[in-house]
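Biologist: Before I use the labels on this structure, I would like to hear what stands behind them. Let us go through a few.

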Amino acid sequence: IETGGIAISPFNSTQHLRFPNGATHFSFKGAFLRIDFEMGLYEFKESAIQTFRIKNEVISCELEFESVPTQEGIGMHLLLIEFFQEVNGNFYPLNNSFVAY
């Protein structure tokens, strides 16, 4: 993506994720961090959160940033995956909602 965003495609949550018991939904949130270690400076951009139901379906999504960090230095992309349980239309994060690979 030209804005430095993260493209996730094709993705099937039931095949590509291990999710905790009770999870009905998951979300993606991206970040772009650029660090200049010599100068001790950094610039950090976040995407909006995109939430999806856990089901056997192929999805695509793009996590975009308003702008690309212009700070000199090393660039890193970060991806947060969080799991939720939907109860009566409300989303509750699970205590064991972070699964790292």
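**Labels and their grounds**

Modeller: Start with arginine 34, which sits in strand 2, residues 25-36. Keep in mind that the model is predicted.

Biologist: What makes glycine 73 a polar contact of the arginine 34 side chain?

Modeller: The backbone oxygen of glycine 73 is 3.3 Å from a polar atom of that side chain, and the cut-off is 3.5 Å. Beyond four places in sequence, arginine 34 also has contacts that include Leu41, Tyr42, Glu43 and Pro69.

Biologist: Which residues touch the most other members of the largest nonpolar core?

Modeller: Ile8, Phe11, Phe26, Phe28 and Phe83, out of 14 residues. Strand 1 (6-12), strand 2 and strand 5 (58-63) each give two or more residues to this core. Among the residues that isoleucine 8 touches, beyond four places in sequence, are Phe28, Ile59 and Leu79.

Biologist: How do you know that strand 6 and strand 7 pair?

Modeller: Pairing takes at least two bridges. Strand 6 (residues 74-87) and strand 7 (residues 90-93) have four, in the antiparallel sense, so they count as paired. Glutamine 85 stands opposite tyrosine 92. The two strands form a hairpin with two residues between them, and asparagine 88 in the turn has a positive phi of about 55°.

Methods
Residues are numbered from 1 along each chain as its sequence is written. This is a predicted model: local features need pLDDT of at least 70, side-chain atom pairs count only at pLDDT 80 or more; totals for chains, interfaces and linings use all residues. Side-chain values use heavy atoms; hydrogens and water are left out. A polar contact is a pair of N or O atoms within 3.5 Å; within protein, one must be able to donate a hydrogen and the other to accept it, and residues adjacent in sequence count only if both atoms are side-chain atoms. Contact means heavy atoms within 4.5 Å. A nonpolar core is a set of buried Ala, Val, Leu, Ile, Met, Phe, Trp, Tyr and Cys residues joined through side-chain atoms within 4.5 Å. Buried means under 20% relative accessible area, exposed over 50%, partly exposed in between (1.4 Å probe, protein chains only).
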